[in-house]
Amino acid sequence: MKTKNFSKTVLLALFVAIACFACDKTVFYADTQSVDEGGWPATQKLKFEINVTDTVQAYNFYFLLRHTANFEWMNAFFFMQTTFPNKEIAHDTLECVLADENGEWFGRGRGTVKDNKIMFKPCVRFPMKGRYTFEIQHGMRELNLKNIKDVGLRLENCTMK
């Protein structure tokens with residue numbers, strides 16, 4: 001059992017090391033929004049706006065999620081609507097695997113709060129200059145999702161090699 005977990009840990013560490021060497025850690029954008037302690041209503045969208053002036057630079061696009069150890073599921077689903085500067089709209093669904101099959105959380109943190117930085121899209125470029133709007137809502141069956149504390153987006157410069 002411990003060998004299996006050790007192998008997973010080694011593979012995860014190797015993946016993180018490769019990702020770190022492949023990309024410059026310069027942050028282009030990072031923002032989080034707190035979710036009400038009473039829960040996150042399924043109809044509530046969290047809105048993030050990014051002004052893009054460079055269509056050449058590639059970015060690693062991360063989804064940030066902070067939850068408590070009382071979160072009831074091993075994974076969570078989120079819907080993201082992207083509105084482009086030309087008003088076109090794209091929809092994405094993101095599954096965030098938050099724990100292993102034994103219930104051990106993947107997120108960082110020593111206490112009861114776990115921080116997750118989940119790769120959404122690696123080394124992407126924005127196709128046009130202007131303001132992009134990202135609206136995120138949870139895609140769980142719960143009408144009021146509890147034990148989510150913060151949700152955010154982070155874009156780091158990526159050097160394609």
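**Figure 1. The disulfide between Cys 123 and Cys 158.** In this predicted model, a disulfide joins Cys 123 to Cys 158, with an S to S separation of 1.8 Å. Cys 123 belongs to strand β7 (residues 113–124) and Cys 158 to strand β10 (residues 148–158), so the pair ties together parts that are 35 residues apart in sequence. A disulfide is a covalent bond between the sulfur atoms of two cysteines. The structure holds 1 disulfide.

Figure 2. Cys 123 is partly exposed, at 23% relative accessibility; the cut-off for buried is under 20% relative accessible area. Its disulfide partner, Cys 158, is buried, with a relative accessible area of 4%. Cys 96 is also shown; this residue has a relative accessible area of 0% and is therefore buried.

Figure 3. Cys 123 is placed in strand β7. Although Cys 123 is not a glycine, its phi is positive, at about 45°. Most residues other than glycine have a negative phi. The residue with this backbone angle is also one end of the disulfide to Cys 158.

Figure 4. Lys 87 is found in the loop between β5 (75–83) and β6 (89–97). Its phi is positive, at about 75°, although Lys 87 is not a glycine. The relative accessibility of Lys 87 is 65%, so this residue counts as exposed; the cut-off for exposed is over 50%.

Note on methods
Residues are numbered from 1 along each chain as its sequence is written. This is a predicted model: local features need pLDDT of at least 70, side-chain atom pairs count only at pLDDT 80 or more; totals for chains, interfaces and linings use all residues. Side-chain values use heavy atoms; hydrogens and water are left out. A disulfide is a pair of cysteine sulfur atoms within 2.5 Å. Helices (H or I, at least four residues) and strands (E, at least two) are DSSP runs, numbered from the N terminus. Buried means under 20% relative accessible area, exposed over 50%, partly exposed in between (1.4 Å probe, protein chains only).
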